[in-house]
Amino acid sequence: MKSTILKIIIVDNDQELYEGYRFFFETYRDYGLEGLFPSIKDALLDYENIMPDIVILEANLWREDGIESIHKFRQKDPRVKVIMISDRSDFERVKKAFKNGANGYLTKPLTKNRLHNALNSIKYEGAAMSNDIVQKIISNLNGKSYQSFSKRENQIIDYLCKGATYKVIAEKLFVTTSTINFHIQNIYLKLNVNSKSEALVKLRQL
């Protein structure tokens, strides 16, 4: 990222939400709201004057498909991070968003904590997903086992993706938390990642 205070623009044609967005960014000063735009066309016109670090993009814009338009922002800056927001969370829609280059997908309505956590995940780990989206991905995997992992590792992956803590996973599998930690480190090593968010993205690719 280019600066300590990351620059954010939001593209959302629901202007009733704008006051809530402004209040959020007045509260969390580590992110700076540089623009609120009702359309992708408007956002792109002012893009080069702002050069944001993160674009928060509504997927279902009036007369525009936010997911299909991700590439327009990448043409301006290949490094920009794009978080999709939507009141739709069907699996095919989510899959299409990531296939088109989204770094995150959040379902509405957004709370201050959920948005802040997502921005932090993008800032430090490069990806962000709502818990309900994670669970949909896991559900659609339908208990799929990954050949490169052991049976125990596949069990841990299942719990990990559902948001379970090390302690909960240990209790479910009747082992110690240190054992779980050992297996998770092996999982991260096999995936060549360093965090849960990165692991989820890699597992989706697999």
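What follows is a chat about salt bridges, aromatic pairs and nonpolar cores in a predicted model.

Colleague: Before I dig in, what should I know about the model?
Modeller: This is a predicted model, where local features need pLDDT of at least 70 and side-chain atom pairs count only at pLDDT 80 or more, while totals for chains, interfaces and linings use all residues. Residues are numbered from 1 along each chain as its sequence is written, and side-chain values use heavy atoms, with hydrogens and water left out.

Colleague: OK, how many salt bridges does the structure hold?
Modeller: There are 10 of them. A salt bridge here is a side-chain nitrogen of Lys or Arg within 4 Å of a carboxyl oxygen of Asp or Glu.

Colleague: Which residue does R22 form a salt bridge with?
Modeller: With E19, and the closest N and O atoms are 3.8 Å apart. Helices (H or I, at least four residues) and strands (E, at least two) are DSSP runs, numbered from the N terminus.

Colleague: Is R22 buried, exposed or partly exposed, and what about E19?
Modeller: R22 is partly exposed at 39% relative accessibility, and E19 is exposed at 56%. The cut-offs are under 20% relative accessible area for buried, over 50% for exposed and partly exposed in between (1.4 Å probe, protein chains only).

Colleague: And which residue pairs with E48?
Modeller: K76, with the closest N and O atoms 3.4 Å apart. That pair links distant parts of the chain, since E48 is in helix α3 (residues 47-50) and K76 is in helix α4 (residues 70-76), 28 residues apart. E48 is exposed at 55%, while K76 is partly exposed at 34%.

Colleague: What does D65 form a salt bridge with?
Modeller: R93, the closest N and O atoms being 3.7 Å apart. D65 is partly exposed at 25%, but R93 is buried at 10%. Both belong to a network of salt bridges that also takes in E68 and K96.

Colleague: Switching topic: how many aromatic pairs?
Modeller: The count is 3. Rings of Phe, Tyr and Trp (its six-membered ring) pair if their centres lie within 6.5 Å; planes under 30 degrees apart count as stacked, over 60 as edge-to-face and the rest as tilted. F24 and Y28 make a tilted pair, 4.8 Å centre to centre with 45 degrees between the planes. F24 is buried at 3% and Y28 is buried at 18%.

Colleague: What about Y47 and F73?
Modeller: They are tilted too, at 6.0 Å centre to centre and 50 degrees between the planes. Y47 is in helix α3 and F73 in helix α4, so the pair ties together parts 26 residues apart in sequence. Y47 is buried at 1%, and F73 is buried at 0%.

Colleague: How many residues are in the largest nonpolar core?
Modeller: It has 44, and F73 is among those with the most contacts inside it, along with I9, V11, V55, L57 and M84. Helix α10 (residues 177-191) gives the most to this core, with 5 residues. A nonpolar core means a set of buried Ala, Val, Leu, Ile, Met, Phe, Trp, Tyr and Cys residues joined through side-chain atoms within 4.5 Å.

Colleague: Where do F24 and Y28 go?
Modeller: Into a second, separate core of 20 residues, which also includes F25 and Y31.
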